[in-house]
Structure formats: C-alpha cells, structure tokens
Amino acid sequence: MTALLTPELLSHIGNASSPREELVTRRDIRKYSISTDQRLKKYLEGDEAPPMFHIALFWDVVEMDQLKPDGIPVDALVPKFPLERAMAGGSVIDYHRKIYPGDELVATRILSNMFEKSGRQGPLIFCEVTMKIETAAGEPVITQKITRIMR
Amino acid sequence: MSKLSTVKAGDALHEREFKPNHVQLFLYNAALWNAHRIHYDTPYATGVEGYPDIVIDGPLMGDWLTQAVVEWLGEDGTLASISYFSSGGIESVPRLIT
C-alpha cells in the first residue's frame, strides 16, 4: 500500500544529516537524571549519563521561529508528509560505550525507512530515522533507530 | 550467582512505579528543548489534538523502561541493547508500572 507515500516522498530514504557535535556536561546529565526520576547516585550526581541521556543531548536546538504550530521543529531530514499529527513510535537502541562528562560526541542521522499502515482511526505513516553516535575519535557509542508515527 | 545466568526471555524482571506530574513533564521537556505542545499545553492537547490531557513523552517512558532494567541488573552486567514501542499516546498523569 503506497497511497500516501508517493515515489517522490520515498526517494528521501537514505538522506543523511550533517554530523552534529555536542559536549557532555555534568550539569546536563544531572538535569536529565532528575527530570527522569533516576535513583542511582552516579546518574543523579552526573558522574555517568543514564542510558537515554543521548536523546536530550542531540534533540534539535532551534530558534522559536523554526517551530511549527504544534511546537515541533521543521526537520530538514524528513519530507513534509500528507499526515501531520506526530506521535512517538518506538526505538531500538544498541549501546557500545557509556557516556561521561567531558565527552565530545558526534551524531549523524539517516532517514532509513518510511512506510504506511492502516490504524484503527485511519492511515498511519511510519518514519524511521537511524542515529549513529560516535566519539570525536570515531569510537562507536550508540546506534538508535527511532520510529515516529504520523496520523 | 549472576542474575543473567538464570533469567530467560519472557521473565518479569523488576517492577517500578512512576507517578509523573506536570512539573516532571515540564522539566523533562525543558532538559530536551522539546517544545511539542501536547506535552505541556493542556488546552492545545485537549482542544486541538483531542487528547484527554497532556501526553507523556514516548522517550520518557522508554527511559523508565531502561531504569527498570538497569536497576534490576545492578553490577551483574551492562545494558547492551533495548527496544520498545508505544502502542498509543499515554496521557498524564496515570500510574505507570514498567
């Protein structure tokens, strides 16, 4: 079924973003750990990042005029879909190395797949983006496939 | 004996109860720089998107799942991989057990 996903939309599969570099700070780890209800001291004190900290580290930091009316930033990697209400789908995350304060990490995102399904309330578009995170020296840190659902 | 030597697919690992509230959702989305209005703007979430209340972020629930695993695992190993999928939006502020 490809009623919504035209050949033009599907041609975006394989597009990649420019690499983004971020510096990990103890303060950012602490803020993330508190906001997610972590209980382990190493996370709350910022000695080590919790497993999902990279989500916050590489969330797009955009200016307010780049936000759509729903508050989501325009993502240049993903084309405009005929369905526009977004919700989180899921993730597959592989961990290769832990993250610590002072780490300089580089993330690259690839639009790895898109497909559609029929949901209970109508059609759904599934958009998969794969994010690869490495150290500045090229050591693998995390690979994550993120699925976002448009309805 | 390592916990990993006895566990098998399908076993329940560890229960942890989370009671998120609006302040936690604000702090979480601020930590991310996530402005998606369904997570903090109640009139928008209910009136425009049709949710009963503001919506708990999918990655936040994913984080809670990792916490349940990491706390159960302790020093017996390291988290190598995890996957999860949301079956639908979850509105604030129900009790969630991972």
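The model is predicted.

**The interface**

The size of an interface is often given as the accessible area lost when the parts come together. Here, chain A and chain B bury about 3200 Å² between them. Carbon and sulfur atoms carry 55% of that area. On the chain A side, A:S35, A:R39 and A:W59 lose the most area to chain B. Together they make up 17% of what that side buries. The contact involves 39 residues of chain A and 40 residues of chain B.

Strand 2 of chain B spans residues 81–85 and has two faces. B:I82 and B:Y84 are on the covered face. B:S81, B:S83 and B:F85 are on the uncovered face.

How many salt bridges cross the interface of chain A and chain B? The rule finds two. One pairs B:E71 with A:R39, with the closest N and O atoms 2.6 Å apart. A:R39 is also among the chain A residues that lose the most area to chain B. A salt bridge also forms between the side chains of A:R85 and B:E49, at 3.5 Å from N to O. This pair crosses between chains: A:R85 sits in the loop between helix 4 and strand 2 of chain A, and B:E49 in the loop between helix 2 and helix 3 of chain B. A:R85 is partly exposed, at 32% relative accessible area. B:E49 counts as buried because its relative accessible area is 5%, and the cut-off for buried is under 20%.

**Chain B**

Chain B contains three helices and three strands. Their order from the N terminus is β-α-α-α-β-β. Of its 98 residues, 45% are buried. Its accessible surface is about 5100 Å², and 57% of this belongs to carbon and sulfur atoms. Among contacts in chain B with a separation of 6 or more, 68% are between residues 24 or more positions apart.

One example of sequence distance against space is B:S2 and B:G77. They are 75 residues apart in sequence, yet their C-alpha atoms are 8.5 Å apart. B:S2 lies in the segment before strand 1 (17–18) of chain B. B:S2 is partly exposed, at 30% relative accessibility.

A nonpolar patch on the surface consists of B:V23, B:F26 and B:L27. Together these residues have about 300 Å² of accessible area. B:V23 belongs to helix 1 (residues 22–32) of chain B. B:V23 is exposed, since its relative accessible area is 55% and the cut-off is over 50%.

The loop between helix 1 and helix 2 (42–48) of chain B holds B:W33. B:W33 has a phi near 70°, a positive value in a residue other than glycine. B:H39 is in the loop between helix 1 and helix 2 too. Is B:H39 buried or exposed? B:H39 is buried, at 8% relative accessibility. Leaving out residues up to four places away in sequence, B:H39 touches B:L25, B:N29, B:N34, B:I54, B:V55, B:I56 and B:D57.

**Helix 2 of chain A**

The buried residues of this helix are A:I29, A:Y32, A:S33 and A:S35. Their cover includes helix 3 and helix 4 (53–57) of chain A, together with helix 1 and helix 3 (58–73) of chain B. A:S35 is also one of the residues that lose the most area to chain B.

Just after helix 2, A:D37 takes a positive phi of about 70°, although it is not a glycine. A:D37 lies in the loop between helix 2 (26–35) and helix 3 (41–44) of chain A. A:D37 is partly exposed, at 31% relative accessibility.

**Salt bridges**

Side chains of opposite charge can pair when their charged atoms come close. A search of the whole structure finds 16 salt bridges over all chains. The table gives some of them.

| Residue pair | N to O distance |
|---|---|
| B:E71 and A:R39 | 2.6 Å |
| A:R97 and A:D103 | 3.0 Å |
| A:R85 and B:E49 | 3.5 Å |
| B:E17 and B:K19 | 3.5 Å |

A:R97 is partly exposed at 23% relative accessible area, whereas A:D103 is buried at 11%. B:E17 is partly exposed at 37% relative accessibility, and B:K19 is exposed at 61%. Shared partners join the salt bridges of A:R20, A:E22 and A:D60 into one network.

Notes. Residues numbered from 1 in each chain as written. Chains lettered and ligands numbered in written order. Predicted model: local features only at pLDDT ≥ 70, side-chain atom pairs only at ≥ 80, totals over all residues. Heavy atoms only, no water. Buried < 20%, exposed > 50% of the residue type's maximum accessible area, 1.4 Å probe, protein only. Helix = DSSP H or I, 4+ residues; strand = E, 2+ residues; numbered from the N terminus. Patch = residues over 30% accessible without salt bridge, like charges linked within 9 Å, V, L, I, M, F, W, Y side chains within 5 Å. Areas by Shrake-Rupley, 256 points an atom, 1.4 Å probe, with all protein chains shown as cover. Salt bridge = Lys/Arg side-chain N within 4 Å of Asp/Glu carboxyl O. Contact = heavy atoms within 4.5 Å. Buried area = accessible area lost by both parts, 1.4 Å probe.
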